[in-house]
Amino acid sequence: MHGGGVMMYHNIRILAERHRVRVISFFETEEEREALKTLQNVCDFAIGIPRFPKYSPHWFSLAPYLIHEFNLPEMNEAVDREIRKQKPDVIQCEYLQMAQHSRHGIFSVLTLPEVLSLNAYQAFVRENDPLAKLRLFHRWMGMLNYEIGASRRADRVITMTEKDANYLRSYLPKHDIWPIPIGIDTDWFFPRPEEGAAPVEVLFLGNFRHTPNIEAAEFIARYIVPRFPELKVTLAGSNVPERFMTEKGINVTGYVADTRVLYRRPNTIVITPLFSGTGQRVKLLEAFSMAMPVVTTSLGAAGFPVTNGKEAILAETAGEFAEAIDHLARSVNLRVQLGTAARQMIVERYRWEQIAAEVENAVRKP
């Protein structure tokens with residue numbers, strides 16, 4: 001359902017091959033509860049804790065609101081119950097909001113798919129309105145204080161990129177921080193047979209509960225759709241805001257269980273106009289592995305050794321995105337060339353078989 005979920009599933013799968021792995025996860029919908037059951041055949045144990053977001057204020061707490069959303073007594077009780085029953089060697093917490101569920105005296109690993117204080121800083125820098133900037137400064141300071149404290153309390157921290165690891169090291173220079181990229185199943189995400197002559201389309205894929213994806217959709221609606229009225233422009237993924245449902249020139253698919261059907265080679269151009277956020281983008285892992293031509297920002301390509309014009313085209317402005325899409329729409333050879341190089345990059349560096357040893361070593365005590 002989202003890139004972080006893909007990463008977690010494969011980490012669980014890899015670790016369960018050699019260790020006893022027990023999973024406790026929040027769920028919000030019956031669909032998520034059913035999806036959690038698929039872990040029953042992967043690991044020893046998987047239970048779900050229902051989570052209903054609470055919007056009551058926490059006047060006397062300095063912790064970011066996100067932390068309170070995930071501080072449910074049911075989760076704390078489930079963690080304590082499993083510790084009493086199983087006496088685990090390691091507790092691995094996925095995402096900053098789950099760091100509060102580690103326990104003193106048990107080796108803890110904190111995975112940060114994104115570094116949220118860096119996201120908060122980026123939002124502060126971009127804002128021009130003085131009052132909004134003041135609010136964002138307060139948000140940044142609160143997130144920074146919590147994230148650095150939680151990272152310090154963890155015995156080991158995992159980030160997705162070296163850039164994110166170096167950011168944390170600037171505050172915690174002696175801490176045990178490992179950058180481990182996300183992998184992909186290249187046998188599953190394999191290039192489909194090429195289509196014949198067919199219309200070119202533009203695709204953006206993401207979970208739209210994630211702010212950078214909403215920003216990307218707004219960019220596409222404002223700058224890409226009017227420039228290319230002859231091209232089909234598709235937004236795919238969960239939680240698309242209603243305002244895009246009726247946007248002229250945009251096709252909205254909603255959640256797609258098997259995203260491979262979206263990649264019509266070589267006639268789909270994947271664009272990811274991402275201007276905020278950190279970490280590594282699973283949407284690009286999939287697109288690269290499917291041999292798709294990609295136009296993205298340098299921020300979107302973070303964590304990948306992309307050379308502009310070889311594995312992908314890097315663009316930072318609306319004009320640069322429009323120029324890249326125009327060139328790709330006119331040249332099937334360029335689309336095939338980019339896709340082929342991108343697929344080769346993934347096969348050489350990002351298969352789960354190559355990353356599995358790092359995933360397993362990360363849970364071993366020093």
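**Figure 1. The cysteine pair Cys 43 and Cys 93 in the predicted model****.** The sulfur of Cys 43 lies 16 Å from the closest cysteine sulfur, which belongs to Cys 93, and this separation is too far for a bond. A disulfide requires the two sulfur atoms to be within 2.5 Å. Seen from the other residue, Cys 93 is likewise in no disulfide, and its nearest cysteine sulfur is that of Cys 43. A search of the whole structure finds zero disulfides. Cys 43 counts as buried because its relative accessibility is 7%, below the 20% limit. Cys 93 also counts as buried, at 6% relative accessibility.

Figure 2. When neighbours within four places in sequence are left aside, Ser 102 is in contact with Ile 91, Cys 93 and Ser 108. The C-alpha atoms of Ser 102 and Ile 148 are separated by 15 Å, the two residues being 46 residues apart along the chain.

**Figure 3. Helix H10 and the elements packed around it****.** Eight of the eight residues of H10, which covers residues 282–289, are buried, so the helix is largely enclosed by the rest of the structure. The buried set comprises Val 282, Leu 284, Leu 285, Ala 287 and Phe 288, together with Lys 283, Glu 286 and Ser 289. Packing against these buried residues involves three helices, H1 (3–16), H8 (211–224) and H12 (332–349). Strands S7 (201–205), S10 (268–272) and S11 (294–296) also pack against them. H10 is followed by Ala 291, whose phi is positive, near 65 degrees.

**Figure 4. Ile 214 in helix H8****.** H8 is one of the elements against which the buried residues of H10 pack. Ile 214 is partly exposed, with a relative accessible area of 21%. Apart from neighbours within four places in sequence, Ile 214 is in contact with Phe 208, Pro 241, Arg 243 and Phe 244. Between the C-alpha atoms of Ile 214 and Val 23 the separation is 30 Å, and these residues are 191 residues apart along the chain.

**Figure 5. Thr 234 in strand S8****.** Strand S8 consists of residues 232–236 and includes Thr 234. This threonine is buried, with a relative accessible area of 3%. Beyond its neighbours within four places in sequence, Thr 234 is in contact with Val 202, Leu 203 and Phe 204, as well as with Asn 251 and Thr 253. Strand S7 (201–205) packs against the buried residues of H10.

**Figure 6. The whole protein chain as context for the close-up views.** The predicted chain contains 13 helices and 12 strands. Its radius of gyration is 21 Å, close to the 21 Å given by the globule rule for 366 residues, so the chain is as compact as a globular protein of that length. The C-alpha atoms fill a box of roughly 60 × 50 × 40 Å along the principal axes. Buried residues make up 51% of the 366 residues. Among contacts between residues at least 6 apart in sequence, 65% join residues at least 24 apart. The chain exposes about 18100 Å², of which carbon and sulfur atoms supply 54%. The mean positions of its 43 positive and 43 negative charges are 3 Å apart.

Notes: Residues numbered from 1 in each chain as written. Predicted model: local features only at pLDDT ≥ 70, side-chain atom pairs only at ≥ 80, totals over all residues. Heavy atoms only, no water. Helix = DSSP H or I, 4+ residues; strand = E, 2+ residues; numbered from the N terminus. Rg over C-alpha atoms; globule rule 2.2 N^0.38 Å. Buried < 20%, exposed > 50% of the residue type's maximum accessible area, 1.4 Å probe, protein only. Contact = heavy atoms within 4.5 Å. Areas by Shrake-Rupley, 256 points an atom, 1.4 Å probe, with all protein chains shown as cover. Lys, Arg positive; Asp, Glu negative; His and termini not counted. Charge placed at Lys NZ, Arg CZ, Asp CG, Glu CD.
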